[in-house]
Amino acid sequence: MGFLIKRILLLYSILNVMPVHKFIVCSYSHKLTSGSVNWQSPSNIALVKYWGKYGEQLPMNPSISFTLENCNTKTTLSYEKRSLSKASEHKEYEFQVFLDGKREISFEPKIQKFFERVEVYLPFLKNFTFKIETSNSFPHSSGIASSASGMSALSLCLMDMERQMQPDIPECYFFEKASFLARLGSGSACRSLNGPIIVWGEHDAIEGSNNLYGTKYPLKVHKNFSDFQDTILLVDKGEKQVSSTLGHELMHDHLYAEQRFRQARENLSKLIPVLENGDLPAFIEIVESEALSLHAMMMTSIPYFILMKPNTLEIINRVWAYRKSTGSHLCFTLDAGANVHLLYPLGESKTVLKFISNELSELCKNGEFIVDQVGKGAIKF
Ligand code: DP6
């Protein structure tokens, strides 16, 4: 079947099942020739985890995250109109990626795939030559995934271009579509544009929640959570042995998949009153259970794998012992890696940071950790 026919069929099937048509543009009112746009976008940490997807980057269960403040990616997208005018005359995208000023060819296949996925929604992509310059506030080798902050920053830059070609698009459409595009780059990236708490994936009790893009958590949040801290302990800074993308794929034939998706939905339901009444012990139970369930999925998939390291477990045990002996509300969560995110209220900062320096930093690679907190979202710079 011809490539074009396949794309038309894909488009047709997408249009029939999901309201994505609002993100498809037929023409723009203004022309662009050359320029550059700059966006800074943060990372996020999920409280209820996304693990398992279907179709084009759609989540098997809803997830919810704190947007971070200090861990972010800054991206400058420079663009120049290519000499031929019709997109159809250009067969390939033209772009180069630079990390901290140095060409990073290894990033280009991911961007290529991203452009292929989003071209239906950004029909101008083949009309320009792009230079994507990016830098992270955290070291590349820290083991902190840069895909959430990186894909959301790039999506915002592309939407900025679209807004220059169509200046009347409303602010809410701008962010919804940017999150929609970011999702197509990396699922969790769609939760990185705004803050402080973002939901992605349909949940009956959360108005506006949907599978296509992240939305601000619309319900009441107790002041206990308004200034939450996230200190990231860098346990293992190497490349992950198993990518998130493969991990998601393994959920397709996973024996416990259905139970896991149900558990995540139920945990989000339980989190709603907890976020409202500020019940920290209940918050801790949900968040830690989610982290361990995520890793239990990895350990029980075929093939099975373990991303935690001995020091990850040692940190968890020390956190539990610390909580028991002090009555602190410090808790942990994990991403798809060995690093540990420690969550706690700002009021406990002094004592918790002392505990981290004295008793946990020795378990981190080179004693390193990053102090972060709940943030407001992306900014144009
Ligand atoms: C474990 O968003 O990195 O961090 O959609 O394949 O890019 P892709 O996966 P990704 O998955 C990360 C999942 C997680 C949990 C979460 O952030 O919800």
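A: What follows describes the domain interface, then the ligand site, then the backbone.

The model is predicted, so local features need pLDDT of at least 70 and side-chain atom pairs count only at pLDDT 80 or more, while totals for chains, interfaces and linings use all residues. Residues are numbered from 1 along each chain as its sequence is written, and side-chain values use heavy atoms, with hydrogens and water left out.

The protein divides into domain 1 (23-219) and domain 2 (224-379); such bounds come from an automatic or database domain assignment. The centres of domain 1 and domain 2, taken over C-alpha atoms, are 25 Å apart. In the contact, domain 1 takes part with 40 residues and domain 2 with 47 residues, where contact means heavy atoms within 4.5 Å.

Between them, domain 1 and domain 2 bury about 3800 Å², and 68% of this lies on carbon and sulfur atoms. Buried area is the accessible area (1.4 Å probe) that two parts lose on being put together, summed over both. Of the area that domain 1 buries against domain 2, 22% is supplied by Leu47, Lys49 and Trp51, more than by any other three residues.

The interface of domain 1 and domain 2 has 16 residue pairs in polar contact, both residues at pLDDT 80 or more. A polar contact is a pair of N or O atoms within 3.5 Å; within protein, one must be able to donate a hydrogen and the other to accept it, and residues adjacent in sequence count only if both atoms are side-chain atoms. Across this interface the rule finds 0 salt bridges, a salt bridge being a side-chain nitrogen of Lys or Arg within 4 Å of a carboxyl oxygen of Asp or Glu.

On the side of domain 1 that touches domain 2, strand S1 (34-48) and strand S4 (63-81) are the elements that give two or more residues. Strands (E, at least two residues) and helices (H or I, at least four) are DSSP runs, numbered from the N terminus. S1 has the largest share of this side, with 9 residues.

The ligand has 16 residues around it, of which Tyr50, Ser186, Gly187, Ser188 and Arg191 come nearest; a residue counts if one of its heavy atoms lies within 4 Å. Tyr50 has a polar side-chain atom 2.6 Å from an oxygen atom of the ligand. For Gly187, a polar backbone atom is 2.7 Å from a ligand oxygen atom. A polar side-chain atom of Gln57 is 3.5 Å from an oxygen atom of the ligand.

Gln57 also has a positive phi of about 60 degrees, although it is not a glycine. Gln57 sits in the loop between strand S2 (53-54) and strand S3 (58-59). Most residues other than glycine have a negative phi, and most peptide bonds are trans. The bond from Gly195 to Pro196 is cis, with omega near -5 degrees.
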